[in-house]
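Here's a friendly walk through one protein model. Have a look at the structure first, then read on.

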Amino acid sequence: MKLISDLFYKLFVGNISDEEKKTLSEWVGENHKRQILFRLLSDPNELEREFRYRKLVDVSRAEAQMKQMIARAERRHLIKKRLVYWTAAAVFAGVVMIMFNSDDVRIDMSETEIARSGHEQCLIHPGETKALIRLSNEKTIALNANDTAVNSSFFVPKESDSGSVVAESLCVEVPRGGEFKIILEDSTEVWLNSESTLRYPETFGGDERRVIVSGEAYFDVHHEPDRPFYVVSGNQQIRVYGTAFNIKDYSDDDMSYITLESGSIAMSRLDSPGAEVYLSPGHQAVFNKNDEQLSMKLVKPDVITSWRYGRFVFEGQPLRNIMRDLARWYNFYYEFKDPDVAEIRFHGSIPRYSEFVTAMTIIENCGSVKFAINGNHVKISGQQ
């Protein structure tokens, strides 16, 4: 593995030879996970984002706690020297971390430790780039990682009775265990998370641009002063002014969340479009569907949109919310045998493309949660 890491370093600094490029390409091959790793490690922008996300988690306290644990164990003569080397390797490699909120306990685990956890036969795996595009005539086309832009090459334009071309109405559906990026005809970019849909026209009209979304999506909207961009979700309408923002509005969630990263947006109800609420960057609008109350709070947009950069970042979220997000991405079903366990809050970060066993084992080793797996069903209980 050291050879491969050296090749990635040479690729990044720009002094890799053609022969070494060939070796690296052969190593990547058709392996989906290696292709993702190659994309992340060969893109300076992605590396910069990854560095920002790692800063979201305070590793200094975790390191101090680990040193204290090692010191106590050495005094009791119950630790072997190899654990010290493993700890150093884990810190360098950026192994997944989760922290149990009550005591801010942080657990680092190597792949070997995870393999010994008893879940090595887990059949639940991370999602992939995939979607289904549905045309107005109900014809469907499967999309994969090679189809990032949805354009006219996917279908034949319709003609009206007068002979003029009619804009096709499209719907992109991303299933559980999927994600997909779309580039609209106006150059607006949309990232769709698992169990999400986007309805939009092949070409926008001259007066406005309007799309309908459900689930979770990140928008980077192309600015056009004379043609406003509208996003409709449920009974909410968002007017966008050349902006990057995230919307999370799943039908099985009592709350919807709109988080503004940059630019400006105005929110209103479809049945009352005149009463607009404006958001500024770094703010999140939370709409309670039960009492129809809207609240605002300051957030870290990097945390909210971390899914788009290949990470799950949790800041004091209850396990019920975490499991809901993980279930959509890893495509499994779950139930809590102990309701109190669902309210345990966690802080931490999990690589989105890691195996589910990684997240599951680390959560278990926080000392309060136990998973039982049967196929793609997971039962969650408190540890005795």
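## Before we start

This is a predicted model: local features need pLDDT of at least 70, side-chain atom pairs count only at pLDDT 80 or more, and totals for chains, interfaces and linings use all residues. Residues are numbered from 1 along each chain as its sequence is written, and side-chain values use heavy atoms, with hydrogens and water left out.

Let's begin with H2, which spans residues 18-28. Helices (H or I, at least four residues) and strands (E, at least two) are DSSP runs, numbered from the N terminus. The buried residues of H2 are Glu20, Leu24, Trp27 and Val28; buried means under 20% relative accessible area, exposed over 50%, and partly exposed in between (1.4 Å probe, protein chains only). Looking down the axis of H2, you'd find its buried residues within an arc of 100°, so they line one face of the helix. That arc is taken from the directions from the helix axis to the C-beta atoms.

On the face turned away from the buried side sit the exposed residues Asp18, Glu19 and Glu26. After H2 comes Gly29, with a positive phi near 50°.

## A covered strand

Now for S19 (residues 283-288), where 5 of the 6 residues are buried. S19 pairs with S16 in the antiparallel sense over 5 bridges, and 6 bridges join S19 to S20, also antiparallel. Strands count as paired if DSSP finds at least two bridges between them.

S19 and S20 make a hairpin with 4 residues between them, and Glu292 in the turn has a positive phi of about 60°.

## Salt bridges

How many salt bridges turn up in the whole structure? The search finds 20, each being a side-chain nitrogen of Lys or Arg within 4 Å of a carboxyl oxygen of Asp or Glu. One of them joins the side chains of Glu179 and Arg352 (3.3 Å, N to O). Glu179 lies in strand S9 and Arg352 in the loop between S23 and H10, so the pair ties together parts that are 173 residues apart in sequence. Both Glu179 and Arg352 are buried.

Another salt bridge links Lys300 and Glu315 (3.4 Å, N to O). Lys300 is partly exposed, with a relative accessible area of 43%, and Glu315 is partly exposed at 36%. There's also a network of salt bridges linking Arg176, Glu195, Lys248, Asp252, Asp325 and Arg328.
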